[in-house]
Amino acid sequence: MNDMKLIEMAVKAREKAYAPYSEFKVGAALLAVGGKVYTGCNIENAAYSPSNCAERTAFFKAVSEGERDFEAIAVVGGKDTPGFCTPCGVCRQVMAEFCNPEKFRIILMDNKGGTITYLLEELLPSGFKL
């Protein structure tokens, strides 16, 4: 699957976000090594800490279905967000639990259609590992 198709899937996932408090909608599309894609959106809660990011939603869906090997994730933030919407630290650590930091790609798109790709090791250089 090419990166633009993955981004398109993340954009569609963003439409399903539940963000009544921040109005900051995020979508993610997670590509498993076998080619299956799992999408996710952010889901807010009035108490804030029970909220869940789009990236973790996608990962948790995939892992709950038995998936363990991942290739890339596309993440798109709100339509009015300047710059790129990078994964938070918690999401980066979840990625490190299941992905090879030297190979796993994080593909981002800004609100002008620009893209940038990072390897997980670039965004989480000293992630916690057992």
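Reply: One term first: contact means heavy atoms within 4.5 Å. In that sense, what covers the buried residues of α2 includes β1, β2, β3 and α3. Keep in mind that this is a predicted model.

Me: What makes α2 mostly covered?
Reply: Buried means under 20% relative accessible area. In α2, 8 of its 11 residues are buried. They are Ala 54, Glu 55, Arg 56, Thr 57, Ala 58, Phe 59, Ala 62 and Val 63.

Me: Where does α2 lie, and at what angle does α2 run to β2?
Reply: Helix α2 spans residues 54–64 and lies across β1, β2 and β3. Its direction is at about 140° to β2. Just after α2 comes Gly 66, with a positive phi of about 95°.

Me: How do you know which strands are the edge strands of the sheet?
Reply: Start with the order, β2-β1-β3-β4-β5, in an open sheet of 5 strands with mixed pairing. The strands β2 (37–41) and β5 (115–119) each pair on one side only, and that makes them the edge strands. Neighbouring strands of this sheet are turned by 20° against each other on average, direction ignored.

Me: How do you know that β1 pairs with β2?
Reply: Two strands pair if there are at least two bridges between them. Between β1 (residues 27–32) and β2 there are 5 bridges, and the two strands run antiparallel. Ala 28 stands opposite Gly 40 in β2. Leu 31 stands opposite Val 37 in β2. The hairpin of β1 and β2 has 4 residues between the strands, and Gly 35 there takes a positive phi near 105°.

Me: Why is β1 called largely enclosed?
Reply: Because 6 of the 6 residues of β1 are buried, β1 is largely enclosed by the rest of the structure. Both faces are covered. Gly 27, Ala 29 and Leu 31 are buried on one side, and Ala 28, Leu 30 and Ala 32 on the other. In a regular strand the side chains alternate between the two faces of the sheet.

Me: What makes β4 and β5 a pair?
Reply: The same test applies: at least two bridges. Strand β4 (residues 105–109) is joined to β5 by 5 bridges, running antiparallel. Ile 107 stands opposite Thr 117 in β5. Their hairpin has 5 residues between the strands, with Gly 113 at a positive phi near 90°.

Me: Why is Val 75 called buried?
Reply: The cut-off is under 20% relative accessible area. Val 75 has 0% relative accessibility, so Val 75 counts as buried. This residue is found in strand β3. Beyond its neighbours within four places in sequence, Val 75 is in contact with Val 26, Gly 27, Glu 55, Cys 85, Ile 107, Leu 108 and Met 109.

Me: Why are Glu 23 and Tyr 48 called exposed?
Reply: Exposed means over 50% relative accessible area. Glu 23 has 67%, so Glu 23 is exposed. Tyr 48 has 55%, so Tyr 48 counts as exposed. Glu 23 lies in the loop between α1 (3–14) and β1, and Tyr 48 in the loop between β2 and α2. Glu 23 has a positive phi of about 60° although it is not a glycine. Tyr 48, also not a glycine, has a positive phi of about 65°.

Me: Which residues of α3 are buried, and what do they pack against?
Reply: In α3 (residues 89–98), Cys 91, Arg 92, Val 94, Met 95 and Ala 96 are buried. The buried residues of α3 pack against α2, β3, β4 and α4 (120–123).

Me: What lines the largest pocket?
Reply: The lining has 16 residues, and the closest to the pocket centre are Phe 24, Val 26, Asn 42, Asn 52 and Cys 53. The lining divides into 8 nonpolar, 5 polar and 3 charged residues. The volume of this pocket is about 210 Å³.

Notes:
Residues are numbered from 1 along each chain as its sequence is written. This is a predicted model: local features need pLDDT of at least 70, side-chain atom pairs count only at pLDDT 80 or more; totals for chains, interfaces and linings use all residues. Side-chain values use heavy atoms; hydrogens and water are left out. Axes are lines fitted to C-alpha atoms, for helices over the stretch in contact, and angles run from 0 to 180 degrees between N-to-C directions. On a 1 Å grid over the protein atoms alone, a cavity is a set of points where a 1.4 Å probe fits but cannot get out, and a pocket is an open set with protein on both sides within 12 Å along at least five of seven lines; lining residues have an atom within 4 Å of a point. Grid points are joined across faces, edges and corners, and a volume is the space filled by probe spheres set on the points. Ala, Val, Leu, Ile, Met, Phe, Trp, Tyr, Cys and Pro count as nonpolar, Asp, Glu, Lys and Arg as charged, and the others, Gly among them, as polar. Buried means under 20% relative accessible area, exposed over 50%, partly exposed in between (1.4 Å probe, protein chains only).
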